[in-house]
Amino acid sequence: MKRPSVIRETDVVARTAAIAAEVAAKHAATVDAQSRFPHETFAALKAAKLLSAAVPQSHGGAGAGMLELGAQCAALAQGCGSSGMVLAMHHIQVACIARHGLGTPYFDRYLSENIVARQEVIASITSENGTFGDTRSSVCAVAVDGENMSLAKDATTVSYGAHADAQLVTCRRTADAAASDQVLVLFEKGQYTLEQTGTWDTLGMRGTCSPGAKFSGKGRAEQILPGAFADSSAQTMVPYSHILWSALWSGIAADALGRAAEFVRGAARRNPGTMPPNAPHLARANVELQAMRHNWQACAMDFDELTGADDRAAREELGSMAWALKMNQLKMGCSEVAPRLCHEALQIIGILGYKNDTPFSVGRHYRDVLSAALMVSNERIASKSASMLLVYKDA
Amino acid sequence: MSNEIKVRTILKEHGRLAREVEGLAPDTDLYQAGMTSHASVNVMLALEGEFDIEFPDHMLKRSVFESIASITSAVDELTATAQ
Ligand SMILES: Cc1cc2nc3c(=O)[nH]c(=O)nc-3n(C[C@H](O)[C@H](O)[C@H](O)COP(=O)(O)OP(=O)(O)OC[C@H]3O[C@@H](n4cnc5c(N)ncnc54)[C@H](O)[C@@H]3O)c2cc1C
């Protein structure tokens with residue numbers, strides 16, 4: 001499954017950027033104000049068949065690599081942060097299926113029929129009451145009975161669960177398995193109920209519509225993704241999450257700084273020959289934006305290179321401490337710099353950035369990226385890295 | 001004492017497994033037996049201390065620590081080169 005580490009000019013990214021500008025950006029303020037799903041954006045992505053960008057070409061998708069998917073998520077997030085996050089999460093789920101389910105009749109069919117032909121959307125249920133944000137442990141367990149299986153899960157946070165066509169759920173392999181002995185199970189619409197247990201009235205990422213929910217589903221045993229979640233997590237879910245999230249956060253920060261740049265240019269045009277006082281501020285902020293972009297892009301290229309062969313050695317490398325540390329460092333770095341850049345944009349623009357109804361408003365951007373450090377808590381990630389660094393020598 | 005016995009003692013103390021170490025076959029998957037990545041680091045630290053070795057970075061991957069047999073063979077390799 002060779003995925004090129006390139007951004008093909010006319011394809012996925014360019015078409016997504018057009019939707020970002022023409023659709024997502026237009027509705028971003030109401031999506032945020034009403035805390036509602038960005039329907040218009042996803043209808044447009046669906047019509048353009050961009051929801052199967054991560055599906056391998058062998059199954060009819062665009063076969064985009066990590067670099068291209070990251071650029072796509074960043075482009076969409078420049079128009080609407082919540083939309084960029086939903087697209088990224090959908091790709092993460094698709095990638096788990098494509099990289100770990102390929103070659104089984106059920107998942108082969110699912111990718112080509114549900115994702116490519118019908119452009120369906122997959123949500124994720126990793127969080128659970130009782131595991132305190134640790135994705136690598138579960139309380140609930142799948143119950144297999146011959147060819148059938150069932151699962152119930154009390155989830156704390158389920159993004160766009162009510163708007164999705166399927167749910168990919170983590171759980172323990174059996175009722176007597178250890179908390180960390182998990183599998184991923186896919187449930188299609190019609191096979192489950194999702195009873196909302198809370199509200200989603202948050203600071204930001206309001207369009208992701210992520211309240212708590214009680215999940216209950218029944219399906220066939222073949223819908224359990226082959227292998228252990230320990231492997232699909234390290235080899236796919238974590239790299240796709242941390243790289244695509246970092247990419248979309250950079251898109252949000254880029255739009256905030258873009259507004260600041262527009263503001264500074266306006267001042268310069270009114271008074272040619274006089275450098276606007278906040279222009280050097282903008283120059284400094286761009287230093288950090290470049291570092292942030294290069295950070296996720298370098299990780300994406302590493303991933304594409306590693307998975308180019310997609311042999312056993314590559315999968316082992318993705319299970320190494322060196323790679324885990326790299327992913328943790330990327331996530332912590334980008335989630336911390338994104339709010340700082342939105343803060344800088346606000347300082348450069350001033351009151352017109354602080355107001356919610358001007359072309360220079362950056363409140364939504366700022367609030368959206370405040371979720372970055374919490375979405376898998378940076379404290380939790382830092383303590384995992386700290387633990388690995390007790391044995392990792394970087395030599 | 002063979003390296004495997006010491007490995008088992010360390011796993012018992014630091015592996016935080018959901019099952020008794022005595023009952024594990026050399027090739028039982030330790031992660032499936034409940035060892036978390038956090039516990040595996042404590043196992044590595046204890047092994048480095050016990051055998052006076054240092055795991056090189058390329059050995060710090062899941063496959064090396066997934067079973068008693070794979071850990072023992074890594075320790076065997078490192079103690080052999082140390083002598
Ligand atoms: C926008 C958004 C969308 C989301 N979408 C989904 C989704 O679709 N599906 C899903 O399943 N989940 C989703 N989540 C939930 C996410 O995956 C995490 O489960 C959740 O954000 C973690 O919640 P928590 O802060 O209670 O967890 P915890 O990680 O338990 O953190 C709680 C507190 O403990 C601290 N803490 C934790 N561990 C340590 C440690 N080792 N050392 C020091 N302090 C520590 C943290 O800093 C924090 O203050 C989403 C979250 C957000 C923000």
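How much area is buried between chain A and chain B, and what share of that area do carbon and sulfur atoms give? In this predicted model, the area buried between the two chains is about 1500 Å². Carbon and sulfur atoms give 54% of that area.

**The interface between the chains**

Chain A brings 19 residues to the contact, and chain B brings 19 residues. Three residues of chain A stand out: Glu316(A), Val391(A) and Lys393(A) supply 31% of the area that chain A buries against chain B. Over all chains, the structure holds 25 salt bridges.

| Helix pair | Axis distance | Angle | Residue classes in the contact |
|---|---|---|---|
| α1(A) and α3(A) | within 7 Å | roughly 20 degrees | 10 nonpolar, 3 polar, 1 charged |
| α2(A) and α4(A) | 10 Å | about 45 degrees | 4 nonpolar, 2 polar, no charged |
| α4(A) and α5(A) | within 10 Å | roughly 145 degrees | 7 nonpolar, 1 polar, no charged |

Take α1(A) and α3(A). Helix α1 covers residues 12–34 of chain A, and helix α3 covers residues 66–79. Their axes cross at roughly 20 degrees. That angle makes α1(A) roughly parallel to α3(A). The crossing is right-handed. On the α1(A) side, the contact residues include Val12(A), Val13(A), Thr16(A) and Ala17(A), and also Ala20(A), Ala24(A), Ala25(A) and Ala28(A). They meet Glu68(A), Ala71(A), Gln72(A), Ala75(A), Leu76(A) and Gly79(A) in α3(A). By class, 10 residues of this contact are nonpolar, 3 are polar and 1 is charged.

Next come α2(A), residues 39–47, and α4(A), residues 81–100. They pack at an angle of about 45 degrees, so the two helices are oblique to each other. Here too α2(A) passes α4(A) in a right-handed crossing. Thr41(A), Phe42(A) and Leu45(A) of α2(A) touch Ser83(A), Val86(A) and Leu87(A) of α4(A). The contact holds 4 nonpolar and 2 polar residues, with no charged ones.

Helix α4(A) also packs against α5(A), residues 105–117, with the axes crossing at roughly 145 degrees. From α4(A), the contact draws on His90(A), Val94(A), Ile97(A) and Ala98(A). From α5(A) come Phe107(A), Tyr110(A), Leu111(A) and Ile115(A). Of these residues, 7 are nonpolar, 1 is polar and none is charged.

How far apart are the closest N and O atoms of Glu113(A) and Arg109(A)? They are 3.3 Å apart, and the two residues form a salt bridge. Both residues lie in helix α5 of chain A. Glu113(A) and Arg109(A) are 4 residues apart there, so about one helical turn separates them. Side chains of opposite charge can pair when their charged atoms come close.

Key: Residues numbered from 1 in each chain as written. Chains lettered and ligands numbered in written order. Predicted model: local features only at pLDDT ≥ 70, side-chain atom pairs only at ≥ 80, totals over all residues. Heavy atoms only, no water. Axes fitted to C-alpha atoms, helices over the stretch in contact; angles between N-to-C directions. Parallel < 35°, antiparallel > 145°, perpendicular 65-115°, else oblique. Left-handed = near helix turned anticlockwise from the far one by under 90°. Contact = heavy atoms within 4.5 Å. Nonpolar A, V, L, I, M, F, W, Y, C, P; charged D, E, K, R; others polar. Buried area = accessible area lost by both parts, 1.4 Å probe. Salt bridge = Lys/Arg side-chain N within 4 Å of Asp/Glu carboxyl O.
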